[in-house]
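Dear colleague,

Please find below the structure that I am handing over to you. My notes on what was found in it come directly after.

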Amino acid sequence: MSFLSYLQTLPLESILSTAQNASGTEVERALSSDSLDLFDFAALLSPEADSRLERMARRSHEITLRRFGRTIQLFAPLYLSNECVETCTYCSFARPNAIERRTLTIDEVEAEANILAAQGFRHLLLVSGEHPKRVSPSYVEAVLQRLAPQFPSLSVEVQPQTEEIYAVWVRAGSDGLVVYQETYDREAYARVHLAGKKKDFNWRLETPERGARAGFRRLGIGALLGLADWRMEAVHLAAHARYLMRESWRAMVSISLPRLRPAAFAIGPTHPVSDRDFVRLVCALRMFVPDAGITLSTRESARLRDGVIPLGVTSMSAGSRTEPGGYSAPSAAEKQFEIADLRTPEEVFRAVRDRGYDPVWKDWEVALHG
Amino acid sequence: MSDNLIIADRTFRSRLFVGTGKFRSPEMMRDAVRESGAEIVTVALRRVDFDPVGPNLLDFLDRGDILLLPNTSGAANAEEAVRLARLARAGGLPHWVKLEVTPEPKWLLPDPVETLRATEILVKEGFVVLPYIGADPILAKRLEEAGAATVMPLGSPIGTSRGLKTRDSLAIIIEQARIPVVVDAGLGAPSHAAEAMELGADAVLVNTAIAVARDPVAMARAFRLGVEAGRTAFLAGTAPPRQESAEASSPLTGFLGKLS
């Protein structure tokens, strides 16, 4: 069953109503359960649960400790290109924007990767705008083949592809596929994706399933918080994660919670999420899917990132540049968004250690590729 | 009287194996490993960087006193496990391998078919193979026949701290085994470790319960003592639990005395 079909079997209206109006009894039930269903999860998102945030944080901390220990995986994004045919209104890379465009050559990608390797990174996330010609499947394959001998873990966050192309990328050395739905609200989705392939909501929604069938070992999903009601996004994300953990049972699922950041030419959040609600969302997700990874990027401030280390986050980027070529040289090429945590990888490493956690550079192996 | 654990051609005094994952720092891991008295210490190959920028995980272990037992965590099938084992040997690690073939990331339960296949391949290549398995007595015998050095059945899934949920099957495995049985995974407290040893296990492996304790070093000591207590009790001959019905009268056979 596809995720789309699975979604249609869920009593979503009723679950979303719980997320808005749960009673104290429903929240308590969720807090005392070892195995939460979607209604329990929704109750934890409700306004009623806000006063119980500290208890949720304690539960989330305990669950994370048992499952993941005192470790935080570190990774870096490597931007291959800011060329893009899409029209996402929240992104600097969108086609109509008059920005300096650049796609790295394979040698330039390797130069970027070498800088990250020297900083300690062994897990990379390859990111790019969606441009079928400049960032073609064979270009991505060539990048993977170049980097695979040196990097135990290579994830891709690029334009969604077919299962066949994904299988080629897996053989070329990629172990992870990251694709954010951006928003799970079809109307909001149509409002911010004005033209191009990305308008196809269902194609994007079923991308992680295709990736799992092609052999990716890690699946990253996420919603760009700020485009629509966060409780609605959270319920869909949770359902998506649980669906993938059953359907694509061999893959490790992780969830990202990017909050919309200021970016050149881009709209701001119409539905902002407060820090307090954001932290509650992290805790609720951890309680609902104890085995899922939770990823936090440098979109968030140093203060918030340090604060949530014990609460359920399992991996973090550090020292990120979001423009292609940004590690090798300061460039005029436009960034995807503004970074909030400007610390160097070394500073993030020390901050994680200071919190009593082991920052992990390497937790995968080249011998497991393909 | 010496009570040593013998695996393949090596003799160990300690019957506690410890893992090195999930600790808050490599220094804490090192101190806890020392305090545990373990002579066999597992390390995930996926965590080992043979060309690191900073210090390597392995630099924190006293390699003279312990046997470093690389595990194949992350392998989803026999081929991947075999590749990892070969990588370890090529990297100068011992030719001993804790075989973990876990195709799903949630419970990390071992795949019995792939585990048996990988054992057959690795034994032929000269590895000392210690496979992690579900508590399946027939699989344990098949692995023994395939040349495994031990079997390492789980008490409950990795990291769950639920104790010996597979107790009855473990008892059968122990009774049948001609190779050491090491209870692996799910031991959340020293009392669980003691229970496994009382049951007749030859050793136990502990990681999460020590690594995530508030004081990992003290918890390592507690597990050492728990294992020693359980082993001593096993050797001393634990009194069988009292039966429900008293045996003073013989309602079923009493008639025998009244005959003739």
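This is a predicted model: local features need pLDDT of at least 70, side-chain atom pairs count only at pLDDT 80 or more; totals for chains, interfaces and linings use all residues.

**The interface between chain A and chain B**

Contact between the two chains involves 30 residues of chain A and 30 residues of chain B. Together the chains bury about 2600 Å², and 50% of that area is on carbon and sulfur atoms. On the side of chain A, the residues that lose the most area to chain B are Arg66(A), Arg70(A) and Lys362(A), which together account for 21% of what that side buries.

Polar contacts across this interface join 16 residue pairs, with both partners at pLDDT 80 or more. Three elements of chain A, namely α5 (53–68), α6 (106–119) and β9 (358–360), each supply at least two residues of the side that touches chain B. Of the elements of chain A, α5(A) gives the most to that side, with 4 residues. Sorted by class, the side of chain A that touches chain B has 13 nonpolar, 5 polar and 12 charged residues.

Charged pairs also cross the interface, where 5 salt bridges are found between chain A and chain B. In a salt bridge between the chains, the side chain of Glu80(B) meets that of Arg217(A), with an N to O distance of 3.0 Å.

**The nonpolar cores**

The largest nonpolar core has 176 residues, and the members that touch the most other members are Phe41(A), Leu124(A), Leu257(A) and Val204(B). The greatest contribution to this core comes from helix α12 (residues 230–247) of chain A, which gives 11 residues.

What surrounds Leu124(A)? Apart from neighbours within four places in sequence, Leu124(A) is in contact with Ala76(A), Leu78(A), Ala113(A), Leu116(A), Leu147(A), Phe151(A), Ser153(A), Leu154(A) and Ser155(A). There is also a second, separate core of 19 residues, which includes Phe75(A), Tyr90(A), Leu260(A) and Phe337(A).

**Salt bridges**

Over all chains, the whole structure holds 46 salt bridges. In one of them, Asp291(A) pairs with Arg67(A), and the closest N and O atoms are 2.7 Å apart. Asp291(A) is in the loop between α13 (275–288) and β7 (293–296) of chain A, while Arg67(A) is in helix α5 of chain A, so this pair ties together parts that are 224 residues apart in sequence. Asp291(A) and Arg67(A) are both buried.

Arg305(A) and Asp341(A) form another salt bridge through their side chains, at 2.9 Å from N to O. This pair links distant parts of the chain, 36 residues apart: Arg305(A) is in helix α14 (residues 302–308) of chain A, and Asp341(A) is in the loop between β8 (315–317) and α15 (345–354) of chain A. Both Arg305(A) and Asp341(A) are buried.

A further salt bridge joins the side chains of Glu346(A) and Arg350(A), with 3.2 Å between N and O.

Finally, a network of salt bridges links Glu28(A), Glu48(A), Arg52(A) and Arg55(A).

**Two buried residues of chain B**

Thr72(B) sits in the loop between β5 (67–71) and α2 (78–90) of chain B. Is Thr72(B) buried or exposed? Its relative accessibility is 0%, so Thr72(B) counts as buried. The side chain of Thr72(B) reaches the backbone oxygen of Glu100(B) at 2.7 Å. Beyond residues up to four places away in sequence, Thr72(B) touches Ala81(B), Leu84(B), Ala85(B), Val97(B), Lys98(B), Leu99(B) and Glu100(B).

Ala211(B) is part of helix α7 (residues 208–211) of chain B. Ala211(B) is counted as buried because its relative accessibility is 0%. Leaving out residues up to four places away in sequence, Ala211(B) touches Gly21(B), Lys22(B), Phe23(B) and Pro216(B). Between Ala211(B) and Thr11(B) there is a C-alpha to C-alpha distance of 26 Å, and the two are 200 residues apart in sequence.

With kind regards

Methods. Residues are numbered from 1 along each chain as its sequence is written. Chains are lettered from A and ligands numbered from 1 in the order in which they are written. Side-chain values use heavy atoms; hydrogens and water are left out. Buried means under 20% relative accessible area, exposed over 50%, partly exposed in between (1.4 Å probe, protein chains only). A polar contact is a pair of N or O atoms within 3.5 Å; within protein, one must be able to donate a hydrogen and the other to accept it, and residues adjacent in sequence count only if both atoms are side-chain atoms. Contact means heavy atoms within 4.5 Å. Buried area is the accessible area (1.4 Å probe) that two parts lose on being put together, summed over both. A salt bridge is a side-chain nitrogen of Lys or Arg within 4 Å of a carboxyl oxygen of Asp or Glu. Ala, Val, Leu, Ile, Met, Phe, Trp, Tyr, Cys and Pro count as nonpolar, Asp, Glu, Lys and Arg as charged, and the others, Gly among them, as polar. A nonpolar core is a set of buried Ala, Val, Leu, Ile, Met, Phe, Trp, Tyr and Cys residues joined through side-chain atoms within 4.5 Å.
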